[in-house]
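Colleague: Before I use the terms in your description, I would like to hear what stands behind them. Please take them one at a time.

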Amino acid sequence: MLSADHVRALLEWLQEESSGAVFPFLAAMAGTALSPGEAVSVRVQDVTLPDGEFGEVLVRAGESRRVPVSPDVVGVLRRWIDEAGLEAEDLLFPAERGGALASSKYKRAWRHARQAVLSPDEVQAGLGEQVSSLRDSCLDRWLEAGVPAWGVAEWAGVSASWIALRYPHRFRLEDNEIDWEHLEESLRLPGIPER
């Protein structure tokens with residue numbers, strides 16, 4: 001799984017070395033856990049981007065859902081919309097000649113970024129091999145930050161059981177503090193005398 005440091009380093013490289021919608025597209029995936037197919041279909045009118053605050057993206061694929069957009073990604077998207085001169089009805093990540101951003105374009109940039117940023121051992125091991133690794137990393141960071149599994153599932157458009165199966169390391173009992181006294185009190189049966 002790509003760490004937050006890996007994601008930052010890859011995105012920094014892409015910001016410098018890629019052109020067009022590639023960097024904002026991948027930055028949005030990294031911060032919203034959208035799949036590539038969902039991200040390419042987002043229109044400008046589907047995002048709410050308040051300056052310096054969390055924003056929101058409306059994902060219309062499948063069952064519509066709203067996903068938070070971090071202030072950093074809000075800034076990236078606001079700059080991109082301004083630089084590209086996009087209008088409300090435009091795709092948020094258009095190809096240079098219009099239409100949806102081609103997967104070959106962002107996948108090529110992703111391959112180059114991995115080769116430039118990751119160690120040879122990490123590349124050989126397949127770390128971040130797919131662009132969708134950005135989605136996986138974002139979901140993991142949401143869980144690490146304490147967002148409940150059902151909330152992460154709702155934002156990602158999946159079930160909570162899928163989240164638990166995909167990220168079992170976030171649900172280990174030994175990682176949780178149990179208030180045993182509170183648990184005993186809350187499970188006490190009524191009318192049963194204490195021994």
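Modeller: The largest nonpolar core has 54 residues, and those with the most contacts inside it are Leu-14, Phe-25, Leu-26 and Leu-92. Helix H2 gives the most to this core, with 8 residues. This is a predicted model: local features need pLDDT of at least 70 and side-chain atom pairs pLDDT 80 or more, while totals for chains, interfaces and linings use all residues. Residues are numbered from 1 along each chain as its sequence is written, and side-chain values use heavy atoms, without hydrogens and water.

Colleague: What makes a set of residues a nonpolar core?

Modeller: The members are buried Ala, Val, Leu, Ile, Met, Phe, Trp, Tyr and Cys residues joined through side-chain atoms within 4.5 Å.

Colleague: Why is Ala-21 called buried?

Modeller: Its relative accessible area is 3%. Buried means under 20%, exposed over 50% and partly exposed in between, with a 1.4 Å probe and protein chains only, so Ala-21 counts as buried. Ala-21 sits in the loop between helix H1 (4-17) and helix H2 (22-32); helices are DSSP runs of H or I with at least four residues, strands runs of E with at least two, numbered from the N terminus.

Colleague: Which residues is Ala-21 in contact with, leaving aside neighbours within four places in sequence?

Modeller: Trp-80, Phe-93, Pro-94 and Leu-101; contact means heavy atoms within 4.5 Å.

Colleague: How do you know that strands S2 and S3 pair?

Modeller: DSSP must find at least two bridges between two strands. S2 (residues 55-59) and S3 have 5, in the antiparallel sense, so they count as paired.
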